[in-house]
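Thanks for making the time this morning. I would like to take you through one model, going from the whole chain down to single residues.

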Amino acid sequence: MEEKKEESTNKNVKKANLLEHNSIKHILDESVSDIFKSRGYKEDVRLSNLKLILGTVIIVVALVAQFYNKKFPENRDFLIGCIASYPFLLLWIHCLDI
């Protein structure tokens, strides 16, 4: 009986490299998530998904600005629009973190 109990506790043990901060943070985040899920709460990932969508929009804006088929003097207004939208989109993502 004691062997089964030890095996079940060993399955829940999570190991992390104590010299690596990201590993420690990942283990702590995972542990807190497991505790909340075990108490019946559901994980809400809408904010993370919104940040990923906004990041994708920023990348698409940058790619369109880079590979727009007109040369520089002709696409000046378009480039100004892309450059002006970039900080606002980044600010929006940063405000979602707060």
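What does the accessible surface of the chain come to, and what percentage of that surface belongs to carbon and sulfur atoms? The accessible surface amounts to about 9,000 Å², and carbon and sulfur atoms account for 62% of that area. Please keep in mind throughout that this is a predicted model, and that its confidence, averaged over the chain, is a pLDDT of 79, with 87% of the residues scoring at least 70.

As for the fold, the chain holds four helices and zero strands, so that, read from the N terminus on, the order of elements is simply α-α-α-α. Of the 98 residues of the chain, 11% count as buried. If we take the contacts between residues at least 6 apart in sequence, 43% of them join residues that are at least 24 apart.

Let me turn to helix α2, which runs over residues 21-38 and has 18 residues. From its first C-alpha to its last, α2 reaches 26 Å, which is close to the 26 Å expected at 1.5 Å a residue. Just after α2 comes Gly40, which takes a positive phi of about 100°. Once residues up to four places away in sequence are set aside, Ser23 touches Ala16 and Asn17.

Next, the annotation. The UniProt record, which is an unreviewed entry, assigns "transmembrane region" to residues 47-66 and 78-96. In the model, residues 47-66 are 100% helix and 0% strand, with their end C-alpha atoms lying 29 Å apart. Residues 78-96 are likewise 100% helix and 0% strand, and in that span the end C-alpha atoms lie 27 Å apart.

Which residues, then, make up the largest nonpolar core? There are five in all, namely Leu54, Ile58, Leu89, Ile93 and Leu96. The elements that contribute two or more residues to this core are α3, residues 46-67, and α4, residues 76-97, and the largest share, three residues, comes from α4.

As a general point, an α-helix has 3.6 residues a turn, so residues three or four places apart point the same way. Finally, Leu96 and Ser48 are 48 residues apart in sequence, while their C-alpha atoms are 9.2 Å apart in space.

Conventions
Residues numbered from 1 in each chain as written. Predicted model: local features only at pLDDT ≥ 70, side-chain atom pairs only at ≥ 80, totals over all residues. Heavy atoms only, no water. Expected span 1.5 Å × (residues − 1). UniProt positions renumbered as here; feature names shortened; annotations may be inferred. Contact = heavy atoms within 4.5 Å. Buried < 20%, exposed > 50% of the residue type's maximum accessible area, 1.4 Å probe, protein only. Areas by Shrake-Rupley, 256 points an atom, 1.4 Å probe, with all protein chains shown as cover. pLDDT = per-residue confidence, 0-100. Core = buried A, V, L, I, M, F, W, Y, C linked by side-chain atoms within 4.5 Å.
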